[in-house]
Amino acid sequence: MGRAGSMVNSARARVLVAKTSLDGHWVGVFLVTRALRDAGFEVVSLGQATCDQIAAAAVEEDVALVGLNVGGRVEVVERVVRRVRERAGDVAIMAGGTIPPWARDRLEAEGVTVFTPGSSLESIVDTARRLTAAATP
Amino acid sequence: MGDEPLTRSGIPLHPNYSDADVPAAWRDVLAAPPGSPPFLRGAYPEMYRAQPWRIFQLSGYGSPEEMAERLRFLLAQGETGFIMKRDRVTNDHLYDADHPEVEARREDVGQTGAVLLSARDVERAIEGVPIDHSYAHPGAGVVQAGPFCLSSYWVAASRRGLDFTQLSGTGQSDFFLTYVGCVTKDQIPPRAGLRLNCDLIEFCAERMPRWVPVSIAGYNGADSGLNAAQELGALFANAVEYFEAVTARGRRVDSFARQIGGINLRTSMAFFEDVAKLRAARKMWCELLRSRYGVDDERALRLRIHVVTAGSAMTYDQPLNNIVRGTLMALAAALGGTQSLGVSGYDEAISIPSDHAHQMSIRIQQILQHECEGLMDVADPLGGSFFLERLTSELEERAWAFFEEIQARGGFVATLEDGWLAQRAADNQLAEWGLGRGSGRDVVGVTDFVDDVCEFPIVGFAQGADAWERAMVRLRELRTTRDGRAATGALQALEAGCRSQANVVPLMLDAVAADASIGEIGTVYREAFGCWDAPARW
């Protein structure tokens with residue numbers, strides 16, 4: 001696809017996508033995964049995973065970006081963020097889902113880029129490109 | 001013609017309709033009044049004059065006591081039945097609170113429903129709720145959780161001195177929910193689920209005259225991406241699985257068809273197509289039973305419908321606009337002749353409903369029932385509209401075509417097993433929202449008119465934060481105060497039953513009455529049935 005060919009760095013960038021909760025809402029995860037692939041990213045799909053599983057996969061898969069789907073409480077996401085940072089250093093993290101405004105503020109304070117329902121896939125892909133470009137030396 | 005706008009099912013819309021657009025054969029169908037087969041125009045002759053639709057809201061969060069409090073609140077606000085939404089983390093996965101998958105996300109517990117781990121928890125959750133004369137949905141949404149959810153409610157009711165035959169309500173055990181849409185991390189394979197559902201159907205046919213054992217929920221297929229024609233086609237393909245499987249056990253279709261003739265559909269912002277969908281559903285059910293199974297009992301031929309308005313239509317931005325969306329979707333349900341209705345909360349995209357959002361969902365329905373003049377007085381008020389009749393007939397045609405496609409692929413359960421049905425939903429999601437492929441549908445406050453100068457911020461409902469800790473306390477108490485030997489014996493009998501041809505429901509009732517916990521039942525299932533390896537969608 002022409003879209004991917006124009007972004008050499010992004011075309012190589014690896015992204016881990018995981019779901020922090022067991023709520024079972026998959027549409028957002030599916031659409032974001034497909035959009036990132038269509039845009040040329042290499043996406044590692046982890047599905048529903050715990051903080052330890054996500055952190056371990058971020059290291060093993062050597063990803064430039066971790067994308068989290070959130071269908072539950074912000075505390076669970078914060079634990080994932082802490083564990084990922086402990087294990088995988090300052091890898092970029094994005095989160096999207098049913099995140100109320102107060103929880104968005106908390107995640108943004110931790111350096112997480114947050115997308116709330118209604119965000120366009122174009123804006124998510126653009127942000128993923130920017131975050132992975134910054135991570136690539 | 002190529003530029004004609006299309007409905008979500010792909011039906012072209014013309015600038016106007018006339019008599020010539022209504023198929024000739026449709027005139028005979030229209031000649032049957034509401035309450036007469038094939039029930040296109042309504043399930044009952046007098047419709048809402050005789051019986052307003054039931055106000056039936058999904059509710060539940062936190063601990064059992066919080067569920068009881070919310071149920072009492074909703075009934076006091078004018079709800080006319082109640083739904084006990086259970087926690088997805090524990091209930092949908094059949095996990096106890098101390099399961100490692102649960103402990104890893106302890107803060108999520110109780111955020112998607114109340115944590116009810118045993119019959120004792122259900123007793124607490126219905127404290128002060130008039131279950132002897134209320135229509136109940138005890139939260140049996142997910143197939144593998146169905147027998148436990150219903151048994152735990154029935155046992156809790158019997159501990160209050162009620163006889164099973166007095167209880168009225170509904171199960172759900174819907175395949176669309178977790179085998180198409182909200183796929184769980186851990187669940188039994190679809191064929192094992194079909195067996196459990198047939199066990200419930202047989203049990204209720206014998207023991208529970210006022211209970212709907214399973215309710216096929218097209219809503220879950222629709223909100224996962226299926227269009228209206230696919231929602232209907234797949235729903236009736238699912239019904240055929242029940243008819244075939246239960247008749248193979250030696251039962252006649254007319255001995256249980258009426259009981260499972262209570263289904264669930266979604267209305268969305270596809271207003272007219274959804275009105276048509278409810279009308280077509282009644283006709284299709286009637287014709288399926290008549291032509292395929294020779295049923296002529298009118299009570300069995302009459303489909304009853306519960307509608308839930310699309311949660312996916314509710315926006316995060318400018319959330320008060322969702323009250324208007326909820327009203328329109330509720331109106332579509334009423335114009336389609338629904339028997340009961342739940343309106344999604346205006347805070348749907350932010351959190352589970354606050355008490356105010358819940359109250360608004362009830363008020364929307366009350367305003368329609370009490371203030372919208374004519375709506376309750378006339379059955380099928382849009383019947384005879386050239387446009388609506390053309391739409392209904394065309395939708396029915398497309399729904400039967402999808403039904404036949406599923407049958408040709410080996411039936412409904414086969415299309416769950418190989419992921420074909422889920423892929424149809426995924427294809428629609430991509431066509432609707434995919435990168436560079438979006439349909440360009442306008443959403444006020446999201447894609448257009450986003451400059452929100454007048455802000456009404458919604459905090460997001462966040463109670464029940466201690467639900468996991470409290471569940472752990474109850475679980476420890478359960479394990480130390482019950483007769484452990486009785487619980488173990490009942491669980492062993494349940495496992496033996498699962499491995500045999502026995503009906504599991506009486507065995508489940510014994511286990512639940514012996515205060516077995518949901519996680520122990522899950523362990524039995526996982527041993528006996530194994531776990532489903534869901535086909536990958538991407």
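# A first look at chains A and B

In this predicted model, 32 residues of chain A are in contact with 35 residues of chain B. Chain A has 137 residues, while chain B has 538. Here is a short tour, starting where the chains meet and moving on to each chain.

**Where the chains meet**

- On chain A, the elements that give two or more residues to the side touching chain B are helix H3 (27-38), strand S2 (42-48), helix H5 (74-88), helix H6 (101-109) and helix H7 (121-135).
- H3(A) supplies the largest share of that side, with seven residues.
- By residue type, the side of chain A that touches chain B has 15 nonpolar, 11 polar and six charged residues.

**Chain A at a glance**

- Chain A holds seven helices and five strands.
- Read from the N terminus, its elements follow the order α-α-β-α-β-α-β-α-β-α-β-α.
- Of the 137 residues in chain A, 55% are buried.
- Among contacts in chain A with a separation of 6 or more, 76% are between residues 24 or more positions apart.

**Strand S4 of chain A and its partners**

- Strand S4(A), residues 92-97, is mostly covered, with five of its six residues buried.
- On one side of the pairing list is strand S3(A), residues 65-70, which pairs with S4(A) in the parallel sense over six bridges.
- One place to look is Asn69(A), whose bridge partner in S4(A) is Gly96(A).

**Chain B at a glance**

- Chain B contains 21 helices and nine strands.
- The C-alpha trace of chain B spans about 75 × 60 × 50 Å along its principal axes.
- A compact globule of 538 residues would have a radius of gyration near 24 Å, and the 23 Å of chain B agrees with that.
- Buried residues account for 56% of chain B.
- Of the contacts in chain B between residues at least 6 apart in sequence, 79% join residues at least 24 apart.

- All six residues of strand S8(B), residues 304-309, are buried.
- Side chains in a regular strand alternate between the two faces of the sheet.
- From S8(B), Arg304(B), His306(B) and Val308(B) point one way, and Ile305(B), Val307(B) and Thr309(B) point the other way.
- Strand S7(B), residues 262-267, runs parallel to S8(B), and six bridges join them.
- Within that pairing, Asn264(B) has His306(B) as its bridge partner.
- S8(B) is also joined by three bridges to strand S9(B), residues 340-342, again running parallel.
- Here Val308(B) stands opposite Gly342(B).
- To get from S8(B) to S9(B), the chain crosses through helix H13(B), residues 321-336, in a right-handed β-α-β crossover.

**The largest nonpolar core**

- This core has 221 residues, and Val15(A), Ile54(A) and Leu65(A) touch the most other members.
- Helix H10(B), residues 228-247, gives the core its largest share, 11 residues.
- Beyond its neighbours within four places in sequence, Val15(A) is in contact with several residues, including Leu36(A), Phe41(A), Val63(A), Leu65(A) and Ala128(A).

Key: Residues numbered from 1 in each chain as written. Chains lettered and ligands numbered in written order. Predicted model: local features only at pLDDT ≥ 70, side-chain atom pairs only at ≥ 80, totals over all residues. Contact = placed C-beta atoms within 7 Å. Helix = DSSP H or I, 4+ residues; strand = E, 2+ residues; numbered from the N terminus. Nonpolar A, V, L, I, M, F, W, Y, C, P; charged D, E, K, R; others polar. Rg over C-alpha atoms; globule rule 2.2 N^0.38 Å. Buried ≥ 20, exposed ≤ 12 C-beta atoms within 10 Å, placed from the backbone. Core = buried A, V, L, I, M, F, W, Y, C linked by C-beta atoms within 7 Å. Pairing = 2+ DSSP bridges. Right-handed = clockwise from strand over helix to strand, strands pointing away.
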